[in-house]
Amino acid sequence: MESIVSWLIFLPILCGIGLFYANIKEDDFYRSSGLAVSVGVFFISLALLGGDYEAGGFVFVQHFQWIPQLGVNYLVGVDGISLYLVLLTTIIFPIAFLSMQNIVKERVKEFVALLLILEGGIIGVFVSLDLVLFYVFWEVMLIPSYFLIGLWAEKDKFYTAIKFVVYTLVGSLLFLVAIIIIGVVHFKQTGTLTFNLIELQNTVFGDRLQYMLFAFFALAFCIKIPLFPLHSWMPHAYIKSSIPMVIVLTGIMSKTGLYGLMRFNFTLFPSISHEVSGLFLVLAMAGIIYGAWCAIGQDDVKGIAAYSSLSHLSFVLLGMFAFNSIGESSAVLQMFNHGIVSAGIFFYVGLIEERVGDRKLSSVKMLSSNAPILSGFFFVIVLAALGLPGLNNFVGEFLLLLGLWTTEAVSFAPMVVYISVVAIVFASIYMLFMYQGLMYEKPEGTATEIPEIKGKELSAIIPICFFIIYIGLYPASLTNTINASTDKLVTSIHKEIKVSENKE
Amino acid sequence: MKELILFTLIAPISGFMILALSGNSFSEKKAGLIGSISVGIAFLATFICLIDLVSGSHVAKTLTLYNWVSVGNFNLNVSILVDTLSIVMLMIINGVGFVIHCYSVEYMHGEKAYSRFFSHMNLFIFSMNVLVLSADFFFLIVGWALVGLSSYFLIGFYTEKHSAVLAARKAFVMNVIGDVGMLVGALILFQYIGSVTYADVFSKAGTAFANDNAALAWACSLLLIGAFAKSAQFPLHTWLPDAMEGPTPVSALIHAATMVTAGVYLIVRCHVIFELVPNVMEWIVFIGILTSFMAATIGLVKYDIKRVIAYSTMSQLGYMFVAAGLGYYALAIFHLMTHAFFKALLFLSAGSVIHGLNGEQDIRKMGGLKEKMPVTFYCFMIGSLALCGFPLFSGFYSKEAIITVSFMSEQGGYCLWFFAIFTAFLTSVYTFRNVFLTFWGEYRGSEKPHESNYIILVPLIILALLAIIGGYWKSGFSEFLSYTVKVIEDPHNTILLIIGVIVPLAGIYTAYQMFVVNTKQTEALRERFRPLFDTLQENYYFDLIYDMVFVKPVKMVGYFLGNIFEPKIVDRLVDLAGEFADFFGQEVTMKQDGKIRSYGLMVFTGAVFVVSSFFLLFHINNF
C-alpha cells in the first residue's frame, strides 16, 4: 500500500514513454490506450481514500535516499490538502482523453504520450515533500505542456507556446534558485544538507533574504495560477490550445500554483505570508473583477470560459489568504470544484465546436430543443459556473467569502468581499450570454440542427454533473477529510506569527 | 409524523427528474399526470402536517437530516423547520400550485415542449418549498436562488421567442443581485452570532448586536435587497412586467401567487431582527407604498391584459410590505394568502380569455366577451372585485385592514393613509378598465372567441370560491400564526371602514364612466395629458435609465477590457519586454534557428544563472 503514490506517478509516465516507442498505425489504439491508462490510474487513486486523514499528517509516505551527496530524498506522501488534488487529477485526465477523441486528429501518438507523462508530473507535484523532488516534477509537468500547447495549437503555434515558456521558465528558474538558497542556509545552520519540507520548516532566514525567497516561490506559483497581473500568457494558451490541453491547464495545472502557495509559502514563510496577505487579497480581487469583466466582452466562447477561469481561480486566493480554518478548507474544496466545473465548460466548448464548426456567439445559431439532454447537462454545468446556490461552486464561494469576512489577517476584508461579489453578478451575465448565445435562436437566421449527445461524451459529462450536485448537497464528505490538515496548517501559521511578533 | 413533510420536497423533485430526463419523450397525458400528481402529493402531505399541527400544540418542529458542512467554527446541518408560518406558506404554494398544474394540463395542450413545462413547474414547487421550509439563512438563499432559476426557465419557456429569452435573462440577473445582497447579509449575521440558523440568530441577535446596531441595520438592509428583488419592489422591479413573456399559468403561479411574495415571507420570518432596527422598518413601509402607488399609476395605461395584472401584483405586494413594515405580520401574510387566491384567479381567467382568442393579449382587440365566455367572465369579475376590496370578497378583509392600519398604527398617519387609499382607488379604476374593455361593448378583434373547456374552468371555479370565502377566517388565521410570529390585533375605525368601502366603488364607477359611457372624453383626456401618458406607458423610463446607466456601461467596459485593453495594451507591453530580451538574445546566441533558439537560450541563461548563484551562495552570509 505504501507504494501506491509512486504507482500513481510512474504508471502514466512509463506508459507514456512506452507509447512513444509503440509502432502501431491506428490512431484509435493510442486514443483508447491513453483513456484506459488514465482510467486505471483513477481506480488506483481511489485507494488513497482509505487512508487515515484524521490526524492531519501525511499518509502513504514513501521515503528513501535519492542523491545522498546533495541531501536529496525521494519523499512523497498525501495529506488532506493534496488528497483531493490528486483525485482531481485522476478524474480530469480521463475527461481530457475523452474530449480528444474527435478533436485531436494529427500526431495522436505523441499527444497521448505527452499527456500521460504530464499526468504523472502533475501527480508528482502534488505529492512531493522534498523541494528538489518537487522541482523535478514541476519541470516534468512543464516540459510536456510546452509541446502540448505549441504543437497542437489552433494558430500562432510558436507565439502561444513561447509566451507560456518564457513566463513559466522565468518563474521556475527563480524558484530553483530559492530552493538552493534554502538548502544552503539550512545546511549552514544545522550542518545537514536536506531539502525535506518538514525539516526545513524550522529554518530561520535573514530578514531580507526571506522576503526574496518568498517572492521567488510566489512568483513561480502565481504565474501558474495565474494571479493578476501575471495572467497575460493565459488567454493565449487557453484560447488557442486544443481542448484536452485546456482542460488540463485550467482544471489541474492552475491548481498546482494554488497548491504550491499553500504548501510551500505558507509552511516555509508563515509570518511573511501573513504579512503580505493584503497585497494578495487586493490582486486577487482585481483578478476576480478584471476576469469577469473581460469575459462579458468576449465573443469567442473559449474566451469567456478562459476569463471566467481567471476570475474563479482568484476567488480561491481570497480564502487562502484569510488564514483561518474556514478559508483554508474551503480553498481546497474550491480548487476541486473549479477543476470539475471548468473541465465541464471546456469539454462542452469542444463538443459544440465539433458539431457546429464555430464558437463565436455572434454567428452560432442553434436551438436547444434539438438536443434536450445535451443542452440540459450543459446548463447544469453553466449554472454551477455562475455560482447557483445549491451547486458545488456556490458552496465554495460562500465558504471562501465567509472565511475572508471573519479573517483577522487584514482589516479591509469586508471591502474585498463587497467588490468580489460583484463578480458573482457578472458571472451570471456572461454565463447566460454564453449559454443563451449558443443554445437559443437569435432573431435573425435559422437554427442549426445538432446531433444529440453520444455515449462517450456522456461518460465524461455524467461524472462532472454528479460531482456538481453531490458536493452541493453534501460538502461535508470532502471537508471532513480536508479539515484536519488545514487546521494543522492554520495552527502552525498562527504559532509562527506569535513567535515573530514576540521577537519584535 | 413530521417526516411526512419530506414528501413536499421529494415528490416535486422526483417529478422534475423524471420529466427532465425523459427528454420530451412522454405523451402529453403522461407528462401532465406526473407533473400534477407530484404536486398533489406535496399538497396532501402538507395538509396532513397542518392537521397534525392544529390538533397538537402548534409547536414548531425541526427535522434535522444530516450535517451539511463543518469547517472551522462554521457548522451547519440540513434541517427543516415546520411551524405555523411555514405550513401556511406551504398550503398556499402547494394548494394554488396544484390547481394551476391541473389548469395547465389543458392550457399547454399542443405545446412542443409540454413535458419541459411540467418539469420546470415541479422544480419551482420544490424550490419554493425549500425556501419556506429552510431553518437557516443558507438554505433560504438556496431556495431563493432556485425559485429564481425556475422562474428563469419558465419566463424563457418559449425559447424561439427572442423577447422571452431576454426577459428571462433580465429577471435572472436582477434576482442574482438580490441573492448576493442576502449572501453578504448572512455573512454579517454569522460574524456577530457565529451561526446562520434562524433559532440562533433570532435568539442571540439582541445581545450580539447590542453595541453595534448599525451592523444589524446594514445586515437587514442587505437582506432587504433580496426581498425587493424577488418581490419586484422599487428599484429592482423592472423585471416583473417583462416576466409576462412566460405562459399564463407561470404568471399566475410564480409571478403572482407564490414566488414574488417571498420577500414578504422573509420580512415576516425575520421580524425579530428587523424590529431591532426601526429605521429599516420605516424604509420597508416607504418602499412598499412607493411601489404600490407607482405600479398602480402604470397599470392605468397598459393595454396588455397580463401586464395590467402584473402591475397590480406589484402594487399589492407593496401593500404587503407596508403591513409588514408597520409590524402587522399576520395581516401581511393574510393579504399574501387572499392575494394568492384572487390574483391566481385573475391570471388564469385572463389565460382563459387568451386561450379563447388564440393568443391575443391586447385588450384593445377584445370587448363584448361577456356573452361569449360567461364562466370566464364571472370568474374574472370575482377576481377583480376581490382585488378592489369589494365588501364581502376576500380582498376586502385583508386590504381594507391594511389601509386602516396605515392610518392607525404608530408609524402611520395621514400621508401614508392617503397614498394607500388613493392607490386603492386607482386599483379599482385600472382593474375595471380591464374588465370593461375585455367584456363590455363590441367585440373588436379578429379571432373567433370561444369558451374554454372544463379542465380550464374547474380550476377557475375553485379559485373563485376561494377568492370569495378566503377572507372569512381572519381571526383564526391570526391566532394560528401567533404561535410563530408576533401578532397585533388590527385596529378598528368605523369612519375609515366606510371610506374604505366607498373608495373602491367610486373607482369602479369612474372606470365605468371612462371606459363604457364616455369613451370619447377619455380619448380627449389622454391626448391632453400625452406626456404623462407616455411616461406611464414607458414605465417612468426605468428600463431606459437602467440600460443607459448600468447595462450599456458594463457591456462597453467589458468590450474595452476584453478586446482592446488586454490584447492591445497589456499583452503588447509583455511582448515588448520579450522583444527587448530577444534583442540581447540574438547578440549572445549568434546563429540559431526558430523555436529551438529561444527555448535553448532560456535554458542556457537559466543554467548559467543557477550554477553561478549556487557557487556564490556558499560564499555569502545571510543578508
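Where in chain B is confidence lowest, and where is it highest?

Reply: This is a predicted model. In chain B, confidence is lowest in helix 26 (residues 594–617), with a mean pLDDT of 55. The highest mean, 93, belongs to helix 11 (residues 262–269) of chain B. For chain B as a whole, the mean pLDDT is 86, and 93% of the residues reach 70 or more.

Two stretches of chain B have pLDDT under 50. One is residues 588–594, for which the model has four contacts beyond four places in sequence. The other is residues 618–623, where pLDDT is below 50 and the model has eight contacts beyond near neighbours in sequence. Where pLDDT is low, the predicted coordinates should not be read in detail.

The contact between the chains takes 59 residues from chain B and 63 residues from chain A. Helix 26 of chain B is among the elements that give two or more residues to the side touching chain A, along with strand 1 (61–71), helix 5 (137–155), helix 6 (162–193) and helix 25 (542–589) of chain B. Helix 6 of chain B gives the largest share of that side, 14 residues. By class, the side of chain B that touches chain A has 35 nonpolar, 16 polar and eight charged residues. For the complex, the predictor gives an ipTM of 0.89 and a pTM of 0.90.

Terms used:
Residues are numbered from 1 along each chain as its sequence is written. Chains are lettered from A and ligands numbered from 1 in the order in which they are written. This is a predicted model: local features need pLDDT of at least 70, side-chain atom pairs count only at pLDDT 80 or more; totals for chains, interfaces and linings use all residues. pLDDT is the predictor's confidence in each residue, from 0 to 100. Helices (H or I, at least four residues) and strands (E, at least two) are DSSP runs, numbered from the N terminus. Two residues are in contact if their C-beta atoms, placed from the backbone, lie within 7 Å. Ala, Val, Leu, Ile, Met, Phe, Trp, Tyr, Cys and Pro count as nonpolar, Asp, Glu, Lys and Arg as charged, and the others, Gly among them, as polar.
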